[in-house]
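Please follow the account below with the sequence and the model side by side. It moves from one chain to the other and then to the place where they meet.

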Amino acid sequence: MNNSLISSVISLVKDGQLHELYELNQTYRFSYSQAKDTVKSLSKIGVLYSEYEKFSLNKSLSKKQISELYALIRYRTLRLEEDKIEQFENDAIKVNCLYVPNISRLDSALLIDVNKK
Amino acid sequence: MTLYQPKADTAEDFYRLSRYKRQIDWLKAPCYDAGLTTLLNEFKKDNERELLLELLGNVAHYKISDRIESISTLVEYIEKLNPKTTLIVATAKDSESDGSKAWQYFFKFFLAQSRQWNESCLKPTLVSSYGALSQKRKESYKDVIIFDDFIGSGNTMVTKVNEFFNQLSTRNIKPPTVQIFALAGMEFGINHIKRELNLNVVCPVSLKKGISEQHSNTDEISHKIKLMESMELSLKEHYECGVFESCSLGYGQSEALYQVQFTNCSNNVFPIFWVGPKGKGRYRNTLFYRL
């Protein structure tokens with residue numbers, strides 16, 4: 001199992017709330033199989049509670065479970081995707097460069113409705 | 001490849017993958033998730049999705065090991081021939097990395113078991129066979145098996161075999177008995193080869209067209225073909241990709257639904273399943289992949 005995926009699931013559930021597999025796709029671009037299999041694996045060692053598409057962090061993890069989880073993610077690396085990340089960086093425009101922003105790509109929470117009085 | 005994986009447009013579509021995987025066994029393989037999500041993002045209408053599901057359900061999907069096993073069927077025919085006077089020739093061009101060469105390699109495993117065949121009977125290209133056929137030897141070659149991994153419309157095979165005979169004639173080589181072998185092919189393409197060349201064709205998997213030859217009702221066929229063409233058009237406009245024109249409904253309008261997992265997809269397959277636009281900033285997760 002890919003430890004980057006496990007790490008992303010832990011990042012999501014650390015708030016203690018109930019989450020859905022779909023959130024893993026929207027937040028971390030997990031495929032359906034990745035989301036399902038990673039949650040299933042973490043449920044198997046008791047780190048998560050899961051039912052159908054929903055899952056949450058087990059709030060009373062034993063030392064053994066924490067140790068198993070640590071063993072799974074301690075060597076996480078992004079090396080495989082380094083080249084793609086580097087490509088994004090190279091393609092980015094310079095900090096002081098003028099540009100016309102593509103507003104449609106911004107999160108709606110960042111937009112101020114200029115027509116609103 | 002997480003960075004390039006698509007987000008599903010809705011939660012319903014994301015979970016729809018689970019339903020599709022239950023309905024169609026080969027979709028259970030995780031390698032198809034990204035392509036399937038992309039198709040659902042691109043085609044949202046009920047009739048488009050119904051057609052997608054129908055086509056996906058009819059895909060002749062194989063694992064590489066299944067196809068290697070089927071080579072033994074072809075070798076059964078070959079073993080009836082004389083090992084000393086038979087050549088098995090792949091249809092690849094000299095400089096190509098090609099499916100016919102790749103799959104021809106697996107003949108070795110089966111031929112080696114009979115202890116009578118040797119490596120020199122396998123030629124990776126038609127061009128490389130001319131030298132062997134023109135060689136002066138005790139017994140000249142009497143049989144040539146021309147092998148391709150997949151027969152689509154059959155046009156390419158007809159052209160190549162005609163060229164083969166022309167080259168033999170130019171070199172004053174007495175033409176051997178030629179047979180065409182393939183691992184799989186479209187039924188109409190196989191019939192085209194038989195009609196045009198009047199040669200024996202051996203092909204263990206014969207496929208009917210994905211839409212035109214699946215229904216008896218001509219209105220239904222025409223409706224589905226038009227729907228597929230409109231789906232191709234929407235992708236062509238979105239990705240500004242000309243391949244959708246040259247390969248509409250699959251190269252030679254083959255309407256093929258055939259894929260061997262982890263191998264290069266044939267251009268005879270419906271292009272919505274494999275066309276990936278090239279160039280900076282252009283990317284499409286496809287169900288099948290083709291270079």
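This is a predicted model: local features need pLDDT of at least 70, side-chain atom pairs count only at pLDDT 80 or more; totals for chains, interfaces and linings use all residues.

**A guided reading of the two chains**

Within the sheet of chain A, S50(A) has F55(A) of β3(A) as its bridge partner. Together β2(A) and β3(A) make a hairpin with two residues between them. In the turn, Y52(A) has a positive phi of about 50 degrees.

On which residue of β3(A) does H19(A) look across? H19(A) stands opposite F55(A), the residue that is also the bridge partner of S50(A). For E20(A), the bridge partner in β3(A) is K54(A). Two bridges in the antiparallel sense pair β1(A) with β3(A), the strand of residues 54-57.

Strands of a sheet pair through backbone hydrogen bonds, in either a parallel or an antiparallel manner. In a regular strand, moreover, side chains alternate between the two faces of the sheet.

Five helices and three strands make up its secondary structure, and along the sequence they follow the pattern α-β-α-α-β-β-α-α. Of the 117 residues in chain A, 20% are buried. Among the contacts in chain A between residues at least 6 apart in sequence, 50% join residues at least 24 apart.

Attention now turns to chain B and its helix pairs. The axes of α1(B) and α2(B) come within 10 Å and cross at roughly 120 degrees. Because of that angle, α1(B) counts as oblique to α2(B). The crossing of α1(B) past α2(B) is right-handed. On the α1(B) side, the residues that meet the other helix are D13(B), R16(B), L17(B) and Y20(B); their counterparts in α2(B) are D33(B), L36(B), T37(B) and L40(B). By class, this contact of α1(B) with α2(B) comprises four nonpolar, one polar and three charged residues.

A second pair is formed by helix α8 (residues 155-170) and helix α9 (residues 187-197) of chain B, whose axes come within 9 Å and cross at roughly 30 degrees. Such an angle is why α8(B) is described as roughly parallel to α9(B). The crossing of α8(B) and α9(B) is right-handed. M157(B), V158(B) and V161(B) of α8(B) make the contact with H192(B), I193(B), E196(B) and L197(B) of α9(B). The residues of this contact of α8(B) with α9(B) divide into five nonpolar, one polar and one charged.

L53(B) sits in helix α3 of chain B, residues 46-58, and is partly exposed because it has 15 C-beta neighbours inside 10 Å. The C-alpha atom of L53(B) is 12 Å from that of G210(B), although 157 residues separate them along the chain. S70(B) lies in helix α4 of chain B, residues 64-78. Is S70(B) buried or partly exposed? With 17 C-beta neighbours inside 10 Å, S70(B) counts as partly exposed. Leaving aside neighbours within four places in sequence, S70(B) is in contact with L183(B) and P204(B). The C-alpha atoms of S70(B) and G210(B), 140 residues apart along the chain, are separated by 22 Å.

The last step is the meeting of the two chains. Here 13 residues of chain B are in contact with 13 residues of chain A. On the side of chain B that touches chain A, α1 (11-23) and α2 (33-42) of chain B each supply at least two residues. Which helix gives the most to that side of chain B? The answer is α1(B), with five residues. By class, the residues of the side of chain B that touches chain A are eight nonpolar, three polar and two charged.

Notes: Residues are numbered from 1 along each chain as its sequence is written. Chains are lettered from A and ligands numbered from 1 in the order in which they are written. Helices (H or I, at least four residues) and strands (E, at least two) are DSSP runs, numbered from the N terminus. A residue is buried if 20 or more other C-beta atoms lie within 10 Å of its own, exposed if 12 or fewer, and partly exposed in between; C-beta atoms are placed from the backbone. Two residues are in contact if their C-beta atoms, placed from the backbone, lie within 7 Å. Ala, Val, Leu, Ile, Met, Phe, Trp, Tyr, Cys and Pro count as nonpolar, Asp, Glu, Lys and Arg as charged, and the others, Gly among them, as polar. Two strands pair if DSSP finds at least two bridges between them. Axes are lines fitted to C-alpha atoms, for helices over the stretch in contact, and angles run from 0 to 180 degrees between N-to-C directions. Angles under 35 degrees count as roughly parallel, over 145 as roughly antiparallel, 65 to 115 as roughly perpendicular and the rest as oblique. A crossing is left-handed if the near helix is turned anticlockwise from the far one by less than a right angle, and right-handed if clockwise.
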